[in-house]
Amino acid sequence: VRLLHMKLKQSIYNYIYDDLGENQVVFYNAFTGALAVVKAEQYQQFKDYFKSGKEFEDKEFYHQLLANGYILAADVDERFLVKTRLMQGRYDASTLSLTIAPTMACNFRCVYCFEQGHYGNHLMDETTQEHLMAFIKRHAKGIQSLFITWFGGEPLVGMSVIEKLSEQIIAFCDENKINYSADIVTNGYLLTKDVAEKLKSYRVRSAQVTIDGPKEIHDARRPMANGQGTYDVVINNLLDVQGSIPISLRINVDYNNLDAADQMMNILKEIGLTNKVYPYLGLVTPEAEGYEKDKCFSNEYYSKINLKFLLDHNLPLQSSYPRPRSRCCGADSNYSWVVDDEGYLYKCWNDIGIHDCAAGNINDPDITIHNTSLLAGYASFDPMLISECSDCKLLPVCLGGCPHKRLHKQNSCEQWKYCMQEYLVACAKEVLAQRAREKLVKETEAV
């Protein structure tokens, strides 16, 4: 009862849109991630409370507003809560996350690859593998989970290393009751059915594969090192491995293949892969030497293209829902590292292969961490000190955006910033439609 008389305020992270129609209003809170569809009369109670102090007639609605963070005690500093969550996330010791490149060799030469000039030609040797296992065991003390992303180069060129390390890691984790899982980022050329089954046995739970459009577009953008096309082999592999491990299908887009994503979706439908893979758009950034910036979309333009792509192809909006985060990514996490085939340690996989951006090497006798100014650039950033971030309603979701982009003076704002209204209204409509379908099913079953 006392709560009804507590001095309250609206959350600074509320998004409210009254354009849903049919006397329905969309409520979203970026700190809690809550999404609600509110009746017009309830919304009026909300406005009346903060305009004139009139108490809520609908007490259940009032308690739901409190529970989901739309309203809160007036003396709560929400920015402090965001910063507390960020600090907890950065130094969360329950999970160790590693991105491991068993090789920096790659059988592709993608035109926009950020690793151009940093390819290798050998596999991680036995000594580095031994030191990597020692590194894992030292850092695994007290953790509950270990998660690995197999990366490269092209990681499947180093499949033998993945097998050896996986066997050792799984045995260690099982013995120490540590939850273990992995995923892999691969170009898909070597992802045969047999390889997929092996990966599954090594607890690789998903694979990311990239196709940039129809054959002529894909082959021009993602050719073999010898210039030959790769589309046919990758498509055949996707058809063969379906059912082995889930495939996230990335479609990289820029001005050179603007319509390719839609064309690719039509092809997936024609060959029966629409429901077998999980397609999504990837934003090409001008990281590659010689890949001009004017070929790439701005974050704002990309946000509009991405939303249209999701809606046009009836893809689940929840897959890109703006969920609040406790850290941006592995780059600003104290318990996340990237390891290349020579044992160099990095904080961001965009730096892999660039030894000047390494923070150490697991083959060094004392494992001395250096380059602390780079580490600080990634992990010590405080968005509260930047007014553009501190005053942004999307802060609990964005947290200042991609650390790598920030460090390189690029726009790091998340794409949601530019299309929140359109996205949240569309998401609310999707949830309402799903509930209507579920209600119809229940009514039909009752009859």
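Visitor: How many bridges join strand β6 to β12?
Guide: Four, and the two strands run parallel. Keep in mind that this is a predicted model. β6 covers residues 95–100, and β12 covers residues 336–339.

Visitor: Which residue in β12 is the bridge partner of L98?
Guide: That's W337.

Visitor: And β13, parallel or antiparallel to β12?
Guide: Antiparallel, with two bridges joining them. β13 spans residues 344–346.

Visitor: How many residues sit between β12 and β13 in the hairpin?
Guide: Four. In that turn, G343 has a positive phi of about 90°.

Visitor: New topic, pockets. What volume does the second largest pocket have?
Guide: About 380 Å³.

Visitor: Which residues lie nearest its centre?
Guide: L35, A36, V37, V38 and R435, out of 18 lining residues.

Visitor: Which elements give two or more residues to that lining?
Guide: β4 (35–39), α2 (59–67) and α15 (420–446).

Visitor: Which gives the most?
Guide: β4, with five residues.

Visitor: How many of the lining residues are nonpolar, polar or charged?
Guide: The lining has 11 nonpolar residues, three polar and four charged.

Terms used: Residues are numbered from 1 along each chain as its sequence is written. This is a predicted model: local features need pLDDT of at least 70, side-chain atom pairs count only at pLDDT 80 or more; totals for chains, interfaces and linings use all residues. Side-chain values use heavy atoms; hydrogens and water are left out. On a 1 Å grid over the protein atoms alone, a cavity is a set of points where a 1.4 Å probe fits but cannot get out, and a pocket is an open set with protein on both sides within 12 Å along at least five of seven lines; lining residues have an atom within 4 Å of a point. Grid points are joined across faces, edges and corners, and a volume is the space filled by probe spheres set on the points. Ala, Val, Leu, Ile, Met, Phe, Trp, Tyr, Cys and Pro count as nonpolar, Asp, Glu, Lys and Arg as charged, and the others, Gly among them, as polar. Buried means under 20% relative accessible area, exposed over 50%, partly exposed in between (1.4 Å probe, protein chains only). Two strands pair if DSSP finds at least two bridges between them.
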